[in-house]
Amino acid sequence: MKRSLTLSAIAISITALLSGCTLDGDAGATGPAGVAGPQGEQGVQGDAGVDASRSISLSLVGRALIEAEEGSAEIIQYHASSQTVYATWTAQNKVAMIPLANIGVDALNNTFTADTLSETSFNIESTVSGVTIAGMNSLAVNGDLLAVAVEPEDKTAPGYILFYNDLNNSNPTFMKAVTVGSLPDMVTFTPDGTKVIVANEGEPNDDYSVDPNGSVSIIAVSNNVPADTATTLILDAATVGASKAELATQNVLFPSPADGTIINGNTITTSLAADLEPEYVTATNEIAYVSLQENNALAIVDLSDNSVSIKALGFKSWDGLQIDAQEDGTVSFGQYDGLVGAYMPDTITNYTWNGSPFIVTANEGDAREYFFDVADEAACTAANGLDYDVDDGCLAWIDEYKIKDIEDAGITVQADSALEKYLDSDIDSLRITMAAGDMDNNGELDTPVAYGARSFSIWDQNGNVIYDSGDDMEVITAALYGANFNNTDDENAPDDRSENKGPEPEAVTVGMIDDKQYAFIGLERTGGVMVYDVTNPFAVSFVDYVNNRDLTEGLDISLIGDLAPESIVFVPANDSPTNNALLLVGYEVSGTVSVYQITPR
């Protein structure tokens with residue numbers, strides 16, 4: 001069935017849906033599913049019903065189309081003094097500047113194609129000390145400073161943070177480049193602006209012949225001037241206080257080739273630092289929390305002495321919850337005992353309740369998959385590749401398999417286990433990781449571990465989960481869209497992601513409105529933003545869902561609307577040109593930036 005929902009139609013649908021029922025569905029105990037250590041109980045999922053006394057509404061009041069190219073509007077930031085949005089424009093080696101000073105307060109018409117905000121741009125540095133810059137990964141703004149994370153053509157070499165000032169005059173001026181670790185994937189300031197924290201992912205090159213160290217860089221800032229050099233913490237055993245083997249027993253995941261694996265003639269030698277890959281950072285003035293997405297863990301950095309500890313996040317049990325894990329063109333919810341998900345958060349943020357920090361994660365999930373160029377399939381076989389694809393080349397390494405394919409890949413499945421019963425089932429095409437699933441450590445896989453948790457979670461400062469949104473994201477989008485839920489992010493293809501991470505919660509931020517704290521979670525594939533009241537992390541409730549996307553099948557990508565929310569920024573009312581709080585959303589696939597005004601109902 002073709003379905004086209006405008007923003008207003010979605011708002012009406014969700015209000016009507018929630019007025020007659022709640023969507024809580026007790027999330028049950030997340031439980032560690034074999035996790036060593038004090039993994040806390042998940043806590044009961046809050047009532048999903050709308051409480052009119054504390055709810056808010058979002059209306060789209062501005063939209064800018066930068067360029068529908070990969071990396072355009074992937075990461076956005078807001079400079080309050082000049083009321084300007086800064087957005088990556090990677091394809092052009094530029095940063096876009098979108099002024100909001102004259103934005104209106106009325107909701108837009110024709111929201112799927114609206115382009116109501118004009119932008120200017122400036123070129124970032126193309127070389128640093130003779131090294132060619134090849135990619136822009138992240139932005140951060142604090143006071144009069146803009147920090148831009150970039151990588152060289154050889155992504156395994158050290159990256160850089162480019163600093164610009166004079167933002168107050170809307171005239172970004174290059175100051176300096178500071179060398180950091182390999183592949184700086186995310187940069188942020190501490191709230192007081194005295195430190196810049198960088199997550200250096202350290203991904204291997206395509207044929208896995210070079211796998212640099214994962215690291216965290218810290219750059220001091222004094223009187224709005226960054227230091228010339230960074231302190232880079234290599235995440236090795238000496239830094240984190242544990243060996244790779246010790247962390248593996250705590251269920252930190254290492255989805256990398258085994259030592260001695262031969263890829264393209266190279267014998268792989270792994271290490272802890274090479275296998276830990278920082279993805280995203282959120283920081284207080286005292287602590288930096290770093291997501292290690294593929295490792296399903298957090299690195300916790302004490303900024304007073306730069307000491308680091310690693311906390312495994314454990315697994316989410318799908319027992320008693322609804323999940324659609326088959327792509328059959330319909331909504332096919334089922335309950336599957338023994339199925340678990342590795343949280344694998346991408347974006348993370350934090351807020352304070354009763355004087356203590358709480359971490360909020362968007363549990364996207366991610367697999368490792370690397371291809372290198374060869375002439376043909378015969379050359380791939382000669383290079384010890386695992387598989388050959390005409391479009392991608394020779395497969396160097398992958399840790400992801402469909403359930404039905406794992407035995408053909410020579411992986412032993414434990415008899416009479418949860419995994420064995422799903423080998424020939426309606427969910428046998430669900431993607432699972434080979435980096436986990438041997439819960440009794442006998443050398444045989446016994447538990448299907450899916451990528452991501454199709455949810456957002458709240459964790460205490462010790463890394464224990466206290467809330468998870470359960471099956472909300474799929475239940476709500478399925479109720480609104482029918483078979484058009486779990487759509488992909490670059491075309492309207494119904495039920496296209498059910499076997500592979502579902503809606504993919506990607507981006508998250510928090511913001512205070514009146515006396516309530518709200519979390520805003522962007523769904524990368526299905527699109528849109530879900531809103532929750534997280535004021536009390538032990539009593540969370542669903543508030544709203546907005547999605548500026550036309551889901552009509554066969555629609556040209558230029559007409560669909562906003563695709564793939566990658567970053568979200570909350571602007572408090574006192575920094576907003578409309579005197580109401582704003583939500584800024586950057587969409588990587590459509591290359592758009594949308595501005596939502598937030599008002600109490």
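## The disulfide

How many disulfides does the structure hold? The structure holds 1 disulfide, a term for a pair of cysteine sulfur atoms within 2.5 Å. This is a predicted model, in which local features need pLDDT of at least 70 and side-chain atom pairs count only at pLDDT 80 or more, while totals for chains, interfaces and linings use all residues. Residues are numbered from 1 along each chain as its sequence is written, and side-chain values use heavy atoms, with hydrogens and water left out.

The partners are Cys380 and Cys394, with sulfur atoms 2.2 Å apart. Cys380 belongs to helix α5 (residues 377-382) and Cys394 to strand β28, so the pair ties together parts that are 14 residues apart in sequence. Helices (H or I, at least four residues) and strands (E, at least two) are DSSP runs, numbered from the N terminus. The torsion about the S-S bond of Cys380 and Cys394 is about 75 degrees, so this disulfide is right-handed.

## How confident is the model?

The predictor's confidence in each residue is called pLDDT and runs from 0 to 100. For the protein it averages 91, and 91% of the residues score at least 70. Strand β12 (residues 195-200) has the highest mean, at 99, whereas helix α1 (residues 7-20) has the lowest, at 36. Take care with residues 1-53, where the pLDDT is below 50; beyond near neighbours in sequence, this stretch has 127 contacts in the model (heavy atoms within 4.5 Å).

## An open sheet

Let's turn to a sheet. Five strands, in the order β6-β7-β8-β9-β10, form an open sheet with antiparallel pairing. Two strands pair if DSSP finds at least two bridges between them. At the edges stand β6 (127-128) and β10 (173-182), each with a single partner strand, so one side of each has no neighbour in the sheet.

Strand β7 (residues 131-142) pairs with strand β8 (residues 145-152) over 8 bridges, in the antiparallel sense. Ser138 stands opposite Ala149 in β8.

## A pocket and a cavity

On a 1 Å grid over the protein atoms alone, a cavity is a set of points where a 1.4 Å probe fits but cannot get out, and a pocket is an open set with protein on both sides within 12 Å along at least five of seven lines; lining residues have an atom within 4 Å of a point. Grid points are joined across faces, edges and corners, and a volume is the space filled by probe spheres set on the points.

The second largest pocket holds about 790 Å³ of space. Among its 31 lining residues, Phe254, Met434, Ala435, Ala436 and Leu445 are the closest to its centre. Helix α3 gives the largest share of this lining, 4 residues.

The structure also has 1 cavity of 30 Å³ or more, and the largest cavity has a volume of about 60 Å³. Its lining includes Trp318, Arg431 and Glu499.
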